[in-house]
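The stops below go in order, each with something to select.

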Amino acid sequence: MKFAVVGRSNKGKSSIVATLVENDEILIAPTPRTTQISQEFALKVGERTLFSLIDTPGFEEAPAALEWLKQEPVPAHQRRQRVQAFYDTFQGSPRFTFECELLKPILEGAAILYVVDASHPYRPNFEAEFEILQWTGEPSLALLNQTGDGRYVADWQAALGQYFRKTLIFNAHTARFEERMRILEELRFLSDAARPILDEAMELLKTQHQSRLRAASFILAEFICEAILYRKKVPVKDESGVSEQDKERLLQEFQDHIRKMERESRRALAQVFQFKGLDSEEAELNPKAQPDDLFGRETWEFLGLSRGELIITGTAAGALAGGTIDASVGGASFMVGTGVGAMLGSLGTGYLAFSDPQLAGFKLARRMLTIGPLKSPNFPWILLDRGLLFMISILNRTHAQRGRLLVDEKHGGPTARLSKTDKRMIAWVFQKVRWMGRTEGSTSRLATEIRKAMEQL
Ligand SMILES: Nc1nc2c(ncn2[C@@H]2O[C@H](COP(=O)(O)OP(=O)(O)O)[C@@H](O)[C@H]2O)c(=O)[nH]1
Ligand SMILES: [Mg+2]
């Protein structure tokens, strides 16, 4: 089954194709006439092609083309042949290049999705293209790509209703999965041939969506488990001479490694949802220059649970009792961090334990200096919040959007909104991982909890 996406230049045709077939490599540009030839893009699940969308160049000279078609009277039953004659006459010639290019797939049997941008007022000069499309006799549907305030929507609907079977409103830059399913549902009514194909496509896409969510939860769960257990070891020459500088450097490397793990998990998450363009861009970013740095003060201020919640869920207890504050395990062991001493003095150890992203104890034994794991009670919650926020951004992103993925952390993380029972369960898994290491059971338990949390996003 093929659908030709047609309309004037710069109305969002390529955006609609990109979103519906989940292809973020399709060229989308603010300048008109970016698409010069018709190009087919298939939506696949695994190796299976569900349907194809054909991105076409915009109409250029519709009134002149219609005039040519109407040179002589053409009865309704011969109009399609007349369009075919138009194509045969001008195809390969310098005239009506774009018209021929866009009519080609339709004359080969593709159904028509006509795209308009309803942020501009309706003008009767669109009617020539409506009529040409009508003359092809292929089933057609209009898509109102609503980018503006919707002021002209009613006019457009009234006009389009004269020529197309149905008019749908669709914003290719904001459509989430459910919205895309709604469009496929509507496309079913285009023709008898379309119905079974789209029914099956929707079924497969829904199954695929569920398995993507599952895969994403596992990626996130594995990353969190690894990160909360991570420790870095370096050999030291002289046990007495570990300088503050060495420790500072080691702490930086320790954090960089966790940042890297997080970036890798994000890349994997993006891939699960077919975002290819996000990869390179993220890789180029300097983690320390990011406003949303994992170990940034702001991150630790806005995300994670409050001190009270950490105590209620029991996340705090283990960490406090487990030697985080009393960091005197092993030979020479101490905490570092900017102004730790001062903070200990003024705020007390409790505050520090909850909110310090640098709370990783150092241990020196047998000529090995070890840092980590990071025991701050809020650490796993911050990782989880950031993971969930990233997921929200991915689920809200369409393949028509270009540029950086914006993850909004300033309004707090989703974990604080989870039910008390869910929070307790998650806290219990975190604790289990901290005490007993990573097991398959705890990873999949955490994945299940993450999956549940995602459903509420
Ligand atoms: N905000 C927003 N911008 C859109 C939408 N659809 C298209 N655009 C923008 O309009 C321009 C043209 O889009 P494109 O898909 O290349 O149009 P085409 O020439 O018809 O293929 C691009 O700058 C898009 O970013 C939309 O739904 N919302
Ligand atoms: Mg285009």
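**Stop 1: the ligand shell**

Select ligand 1 and show its surroundings: 16 residues surround it, and the closest are Asn10, Lys13, Ser15, Asn145 and Asn171. Keep in mind that this is a predicted model. By class, the shell holds 4 nonpolar, 9 polar and 3 charged residues. Helix α1 (residues 13-20) gives the largest share of this shell, 3 residues.

Now look at individual contacts. The backbone of asparagine 10 places a polar atom 2.8 Å from an oxygen atom of ligand 1. At lysine 11, a polar backbone atom is 3.0 Å from an oxygen atom of the ligand. Asparagine 145 uses its side chain instead: a polar atom there lies 2.8 Å from an oxygen atom of ligand 1. On its own, ligand 1 has 580 Å² of accessible area, and the protein covers 79% of it.

**Stop 2**

Select glutamate 22, in the loop between α1 and β2 (39-45). Its phi is positive, about 55°, although the residue is not a glycine. Is glutamate 22 buried or exposed? Its relative accessibility is 11%, so it counts as buried.

**Stop 3: between α3 and α4**

Go to phenylalanine 96, in the loop between α3 (79-90) and α4 (97-107). This residue also has a positive phi, near 55°, without being glycine. Phenylalanine 96 is buried, with a relative accessible area of 1%.

**Stop 4: a cis peptide**

Finally, select glycine 372 and proline 373, which are joined by a cis peptide bond with omega about 0°. Proline 373 belongs to strand β10 (residues 368-374).

Note on methods: Residues numbered from 1 in each chain as written. Chains lettered and ligands numbered in written order. Predicted model: local features only at pLDDT ≥ 70, side-chain atom pairs only at ≥ 80, totals over all residues. Heavy atoms only, no water. Near = heavy atom within 4 Å. Polar contact = N/O pair within 3.5 Å; in protein donor to acceptor, adjacent residues only side chain to side chain. Areas by Shrake-Rupley, 256 points an atom, 1.4 Å probe, with all protein chains shown as cover. Helix = DSSP H or I, 4+ residues; strand = E, 2+ residues; numbered from the N terminus. Nonpolar A, V, L, I, M, F, W, Y, C, P; charged D, E, K, R; others polar. Buried < 20%, exposed > 50% of the residue type's maximum accessible area, 1.4 Å probe, protein only.
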